[in-house]
Amino acid sequence: EDLRTRLADDRRCYAFFHPAMPGDPLIFVQIALTNGAADAIAPLLTSERKLINVHDTDTAVFYSITNCHDGLRGISFGNFLLKQVIEELRLDLQNISQFVTLSPVPGFGNWIAGTAIDELPEEAREGVYAAREIVAAKTALDQLSEHARSLLMNQCAYYLLYAKHKGQPVDPVARFHLGNGAALERLNWAADPSAAGLSRSAGIMVNYVYRPKDIEKNHESFFADGEVVASTEVKKLAQLRG
């Protein structure tokens, strides 16, 4: 039933194959055609949702990208796949004008738990320690105070913009999309309240946006200067508050 939902008329699935392994995809991406960028994962996966006429949609949401072979990790097939998929969708559905992801933030939980906190600027540490206490308490998201919610969102934005190793983002998903030419567009609170989502990122998920005219420029800025291209909204969130 889950597979049927992911392959419905308002969904797409693309895979990257190699002639040496013609029946076995190297990587595949699952896409939801929607109106506007998705801000939560559950509505995309539920079998009870109402199907949308694809010609009434304006956004392609990349919500799952799967590398099928552990031995090929580190080889950026996703770079080839995503750019080609965007071009295919632009040709096939000219009403689609926005290409975004709904992505996890898999390294945030470990970062909050204490990874390299001593390497942070002094002004950043207090907020990280406070966020650690919130996460450790395992309080339900809907029971958190507005202050706690704001603090976690601030810290996550800071993590995505400034937590780096050897000049690149610590977060692997951020490295993947930013390296492919995307921009960090928006953080979404309580987007994945599953046990895995709470553990890795306090339920926060991210929209990265692929603007065809900016992909090459963003890609070059990322690798040449280590620049994380981000929206004004995300940059404001990253201005830490206690």
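Reply: Helix H5 does, with four residues. The model is predicted: local features need pLDDT of at least 70, side-chain atom pairs count only at pLDDT 80 or more, and totals for chains, interfaces and linings use all residues. Residues are numbered from 1 along each chain as its sequence is written, and side-chain values use heavy atoms, without hydrogens and water.

A pocket here is an open set of points on a 1 Å grid over the protein atoms alone, where a 1.4 Å probe fits, with protein on both sides within 12 Å along at least five of seven lines. This pocket holds about 340 Å³ of space. The volume is that filled by probe spheres set on the points.

The lining has 17 residues (each with an atom within 4 Å of a point). Nearest the centre lie Val135, Ala136, Lys138, Leu198 and Ser199. Three helices (DSSP runs of H or I, at least four residues) each give two or more residues: H4 (108-113), H5 (122-137) and H8 (195-201).

What is the lining made of? Twelve residues are nonpolar, three polar and two charged. Ala, Val, Leu, Ile, Met, Phe, Trp, Tyr, Cys and Pro count as nonpolar; Asp, Glu, Lys and Arg as charged; the others, Gly among them, as polar.

One more point about H4, which spans 108-113. Ring pairs (centres within 6.5 Å) link Phe108 and Trp111 with Tyr158, Tyr159 and Tyr162 in a cluster. The whole structure has seven aromatic pairs.

Notes. Phe/Tyr/Trp six-rings, centres within 6.5 Å; stacked < 30°, edge-to-face > 60°.
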